Amino acid sequence: MSSQHTSRARRLLAAAAAAVALAATLTACTPPSGDPDGDATGSPQELRIAMQAGPGTLDPALINQAAQWYVDLAYSPLIQAASDGTLRPGLATAWEYVGEGNTQFRLTLREGVTFADGSALTAEGVKKHLEYVKAAGGQMSGVLATLESIDTPDDLTVELTFSAGNPELPLYFSQGGVGIADVISPTGLEDTGSLGTMTAGAGPYVLDQSATIANDTYVYTPNENYWDKDNIHWSKVTIKVIPNLSSTLNAMKSGQIDFTTGDYTTATEAEKAGLQVHFVPNVFSGLNLLDRDGTLAPALGDQRVRQAINYAIDRDAIVEALYGKWGSATTQTTHGVGYVEELDDFYPYDPEKAKELLAEAGYADGFTLPVVSAPFFNGDTMVQAIAGQLSEVGITVQADSKADVNEYVTKMASGEYPAAWIGFGTLPMFVEYQQLYGPTALFNAFKTTDDELTALSEQLAVAPEEDVKELSEKIEARLVELAWFAPVAWAPLGQYATDAIDAEAVTTTTGEHPIVAIVDLKPAS
Amino acid sequence: MTTAVTTATLPRQRGGRFARRLARWLATSLLLLFVVSALTFLLVSLAPGDAARTILGQTGTQEQYLALREQLGLDDPLIVRYGQWLGAALRGDLGSSIFSGQSVVSLIGSRLPVTLSLVAGSLLFAVVVGVLLGVAGARSHGPIGRAIDVLALVGVSIPTFWLGFLLVSLFAVTLPLFPATGYVDFSYWPFGWFMSLVLPVLTLGIGGVAVIAKQTRDAMRTQLSREYVTAMRAQGLSERSIVYRHVLRNAAIPVTTVVGLMMIGLFSGTVLVENVFALPGLGGLVVEATSRHDIPVVQGVALTFALFVVFTNLLIDVLYGILNPKARTT
């Protein structure tokens, strides 16, 4: 009898324990409030973005341009660039060059703007912000290197004087110039050491530090002080760092992510998965014939040889093999202002013509061309493809691949190689002068100059807006004729979006503005 | 009298031996940590590029680059920079990220639970399933044994990367049972934490299942052929008791060694698995920090991994002693 009682008591106890465990499990099965990692239960008002790399820092003065979305959400630029590149007022309601020569620039600030931390937008605050960005030494400090003075005649006017003309200042004062455009609040500038992990802007959202894990998950909530509340489209924005693009696609297919940047290697899979896929031609990939004076490789000092290289490349075949329908052939360095469609036919595939030019230059038997290359953006494969075609006209390419991006850049710019693979994103022609082909440009390793090119570029620096297109086109034509480069293809840049995202902002990007203005993304109606 | 003196000195001798072993372990561990930190510093510093070039991107001029290098203190000789880091580390200060300014300790602290959850889960999965399969294989000379051999070969051969994507494709995309990416904090939502770890744990642990199953089966078979087992059977002990109370305990000694080595391997495996499942763990942190040349963060994570190795070895020594009393006296 006693044994039976004990047995029954044990069974009752076990049943009670099981009931408690079940209740606990069921409770645990329900998320407390939404899903911190953004699973399929996220509401349509929540925007979930995937990025392949974290920002490193959130300090606008030090952040890399490729990570601009992390700060664009929380900082309002002085001039707002839409996804198609058109400029509209941001923290500045008006902007203009003063006088001629593109050296003086005036910004009129929006009245009554307060930052997320409650401090007010003033001309003096913008001045301190620009001084900080210039001194911080980040990517954009070079643009401000020629900034001579900042005047603030009144509380809402900022007048900048540069020592040299720059026709692209409106671009730099929009998101394109991350650190310059994204004004940091006076409170934020009091403790710049904290800017790496917090936001101090006047943008539509503010970083939720407690929900953020550095370089993994960034959570933004609406900024109650935002000056344009009608343009806050989401109750919450999360940027999740997913280093692997295939993992990102899986996350999009399973409903965890709404929007990301894509690349051509996954574009077909994304299309099959029913995602919105929008690509634009942006990065020209090919050879940078660095030794235009013939210092290391005398053959390259002869324009006919450089042109022969351009004639010897079957661009369409390489594009088809490397990028399929997502790429296109080119001979040019820009797909923005300065791009001339007809110039893409300047060097038709003509190996016989290439041989003739080589013979005229005294290289009928060909020569050996060392090329420094890199694996990213399909660089190594591009060089191999080019090498195969150049061998048909007697040029032997000796490729030397550098796996690390920094090593590749260092070697390319060192003057140790007569040629290099190049993957260069479309930029306004004046910026290309500074970075790609001008006498101080990093990608002009031997600092070669051409009188005509220099004259045109100097005119461009001081040109009024209406002359920029014509001058840019002339420069592009000269670059193609000189054959300083052997561009082969436009490697596309683009983005994937689920149906939760309105297509308008996604599909309006262009070659010169390949990246969506993240604050313009809206929920699908 | 003599006996009493001998008995009294035994604990003292044991205590002395323990103290000597502890001192040796501490000395070896400190040396290991020093070597790891010095080598890591050297390798990251000698790798092409630096933090200044990363901040400036590909377009910064040489003048900007040199100025930023000086600003960041990267101009100082390597030995000076390492000395500064070591001095601070000895005071418990691992420094801050060059990029975000966030303290390395807080960065590691925010990611440690993820990596520990992943490693502990994978280890538990590998040990439980591996031992059960190994025991089953040892007791069956037929198809189960052969199946374990095949499984072991497949489990070790499958690339983690590929397995991860396969599992995601099957159980997150085709059958939406588990999340494809991401991690949920245990304190926030225990069930979400469990679900977010299922696929990563399977991916990381499956190779271990195969290894442990094979090791357990072989060790069990060796033990089952020993005379003491025949004697126990002759005494009428149940087969269940012989296998689980006696044979498995003895077979566990070589398996423990394998588990220890595997545990160290699991930490390195987290780098790939965290990449596939976008988990915010130490593996992802060190990959990203290395690519940016963020030396303080790389140093901090390398030290953390080295500490894991040190304590795993200690744990295995202790377990070995528990399972094999002879090991305690040597």
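Analyst: Gladly. Helices (H or I, at least four residues) and strands (E, at least two) are DSSP runs, numbered from the N terminus. H293(B) lies in the loop between α11 and α12 (295-323) of chain B. This is a predicted model, in which local features need pLDDT of at least 70 and side-chain atom pairs count only at pLDDT 80 or more, while totals for chains, interfaces and linings use all residues. Residues are numbered from 1 along each chain as its sequence is written, chains are lettered from A and ligands numbered from 1 in the order in which they are written, and side-chain values use heavy atoms, with hydrogens and water left out.

User: Why does H293(B) count as buried?

Analyst: Buried means under 20% relative accessible area, exposed over 50%, and partly exposed in between (1.4 Å probe, protein chains only). H293(B) has 5% relative accessibility, so it counts as buried.

User: What is H293(B) in contact with, leaving aside its neighbours within four places in sequence?

Analyst: Contact means heavy atoms within 4.5 Å. With those neighbours left out, H293(B) is in contact with residues of chain A, D404(A) and N406(A), and with residues of chain B, including V44(B), P48(B), D50(B) and I98(B).

User: How many residues of each chain are in contact between chain B and chain A?

Analyst: 43 residues of chain B are in contact with 51 residues of chain A. The area buried between the two chains (accessible area, 1.4 Å probe, lost on putting them together and summed over both) is about 3800 Å², with carbon and sulfur atoms giving 55%.

User: Which helix of chain B gives the most to the side that touches chain A?

Analyst: That is α7(B), with five residues.

User: Why does the span of helix α12 of chain A agree with its number of residues?

Analyst: The expected span is 1.5 Å times one less than the number of residues. Helix α12 (residues 379-391) of chain A has 13 residues and should therefore span 18 Å, and its end C-alpha atoms are 18 Å apart, so the two agree. Among the buried residues of α12(A) are M382(A), V383(A), I386(A) and L390(A).

User: And what makes up chain A as a whole?

Analyst: Chain A has 17 helices and 17 strands. Of its 525 residues, 55% count as buried.
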